[in-house]
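Okay, thanks for coming, everyone.

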Amino acid sequence: MTLSRISSAIVRVAPLLAIALVVAACTGPAGSPGASGVPAVTPTPPAAIPLAPVTPTEPLSLLAWLFTPIFQAFFILLVVLDKLTGNIVVAIILMTIIIRIILIPIFRRQTVSMKRTQMMAPEVKEIQRRFKGDRLKQQEAQRQLYAERGINPAAGCLPAVLQIFLLIPMYQVFSQGLQNFNPQAMLQVFGFTILDLHCAAAPIVNAAGHVLNPCLDPVAFGINWGVPEVILGQPGGMLSGLSLLALISALLQLVQSRMTLPPHDPAMADDTNYKVQRQMAYIFPFISLLYGSFLPAGLFLYWITSTIFSIIQQYLIIGWGGMFPFLGWQPAFAVGHSPRFPVILPPPPDPKSRPPTSPLGGSSGRAVQADRTIRHKERGRQSRRGRRR
């Protein structure tokens with residue numbers, strides 16, 4: 001499996017990987033950006049403890065401390081947008097759009113690199129045919145080919161890793177920031193208060209351990225966006241309930257992942273990697289259904305908005321890609337469609353300017369040029385001798 005396919009798979013399972021890191025960061029007495037100095041054995045719910053930057057005392061609290069600046073940036077942006085719009089849903093959507101606009105160059109580079117790698121598939125296949133049975137020569141020839149064409153197949157890994165690290169503080173923003181009765185300390189930067197929320201002096205906790213007076217209003221359109229949203233079953237554990245937002249997120253990820261595939265090629269139907277790649281495009285998007293019953297609804301709204309943004313960005317760069325035919329359906333608007341900003345494959349380099357080493361030829365470019373020069377001089381001498389005779 002190529003690096004582009006691996007990075008594409010990482011993008012699809014990024015939420016699941018992020019949750020594993022979040023669980024590790026949130027386990028223990030210190031937690032992630034939250035109350036500091038509170039013993040783990042206290043029955044007091046975390047939302048009833050004023051939210052404040054954690055003091056690093058052990059590995060887990062150090063991880064939380066490292067993510068605190070990102071948490072504060074997201075939380076401050078969300079609070080400002082919430083106060084401007086008066087609706088937490090609108091604030092979450094606007095915050096996601098702002099973040100994705102800032103990250104456009106990174107994700108564009110990933111999409112272009114992925115498309116160019118797909119366009120190089122015929123030449124890669126020819127290399128595999130030429131060096132059949134010698135994997136080392138195949139890998140070296142492919143590396144040289146990508147280097148000559150200015151393509152980095154690993155370029156798609158950075159956005160995948162970036163999404164994971166953004167999801168960790170984003171999870172805390174919704175699970176803690178929207179539920180806490182006093183997150184005022186997280187709105188202070190270098191001693192300067194960004195915004196005064198006028199939070200309550202003390203929390204009101206019901207018998208179930210839920211804070212009834214969060215400082216921010218997490219409810220909009222009848223949904224509390226700081227807790228899991230479940231339409232079937234019960235929230236709280238993996239597969240304990242079905243989340244409508246998780247289902248919508250899965251369907252949108254299915255569209256996004258199929259768009260990243262190359263157009264369907266019947267000639268590749270028997271290729272094992274081709275089959276696996278297309279099967280992954282169907283399976284991985286639905287992994288989000290596993291953890292829809294214990295992640296806050298706000299995180300899924302963020303992920304849905306981000307996925308829609310990615311679909312639009314991919315549509316402008318690579319068009320519909322391998323989205324169609326879908327279950328045998330080929331709509332007329334997808335036939336012969338050209339993207340607004342098509343990807344152009346860099347032309348092959350001039351043989352005269354080829355790098356000093358070439359795995360395909362086994363000799364250096366300088367040696368070839370020197371050899372040509374020597375032969376040219378020899379031909380010249382022979383011609384002069386012929387004229388003398």
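What you're looking at is a predicted model, so to speak of local features we need pLDDT of at least 70, side-chain atom pairs count only at pLDDT 80 or more, and totals for chains, interfaces and linings use all residues. Residues are numbered from 1 along each chain as its sequence is written, and side-chain values use heavy atoms, with hydrogens and water left out.

Zooming out, the protein has 11 helices and six strands. Of its 389 residues, 42% are buried, where buried is under 20% relative accessible area, exposed is over 50% and partly exposed is in between, using a 1.4 Å probe and protein chains only. Contact means heavy atoms within 4.5 Å. Among contacts with a separation of 6 or more, 72% are between residues 24 or more positions apart.

Back to helix 6. Its buried residues include Ala141, Leu145 and Tyr146, along with Glu148, and the buried set packs against helix 4 and helix 5, residues 121–130.

So what does helix 4 bury? Among others, Phe107, Val112, Met114 and Lys115. Thr111 sits in that helix as well, and it's buried at a relative accessible area of 6%. Skipping neighbours within four places in sequence, Thr111 touches Gln314, Ile317 and Ile318.

Next, the helix pairs. In general, two packed helices are described by the angle between their axes and the distance between the axes. Our axes are lines fitted to C-alpha atoms, for helices over the stretch in contact, and angles run from 0 to 180 degrees between N-to-C directions. Under 35 degrees is roughly parallel, over 145 roughly antiparallel, 65 to 115 roughly perpendicular, and the rest oblique.

First pair: helix 4 and helix 7, residues 157–177, whose axes come within 8 Å and cross at roughly 135°. That puts helix 4 oblique to helix 7. Ile106, Phe107 and Gln110 of helix 4 meet Leu158, Pro159, Leu162 and Gln163 of helix 7.

Another pair: the axes of helix 2 and helix 7 come within 9 Å and cross at roughly 55°. Helix 2 is therefore oblique to helix 7. On the helix 2 side, the contact includes Phe67, Phe71 and Leu78, and on the helix 7 side it includes Phe165, Met170 and Val173.

Gln72 is in helix 2, residues 59–85, and counts as buried at 14% relative accessibility. Beyond residues up to four places away in sequence, Gln72 touches Ala185, Met186 and Gln188.

Last pair: helix 8, residues 244–259, and helix 9, residues 272–283, with axes within 8 Å and crossing at roughly 160°. Those two are therefore roughly antiparallel. Leu254, Ser257 and Arg258 of helix 8 meet Arg278, Ala281 and Tyr282 of helix 9.

That's my tour; over to you.

Note on methods:
Helix = DSSP H or I, 4+ residues; strand = E, 2+ residues; numbered from the N terminus.
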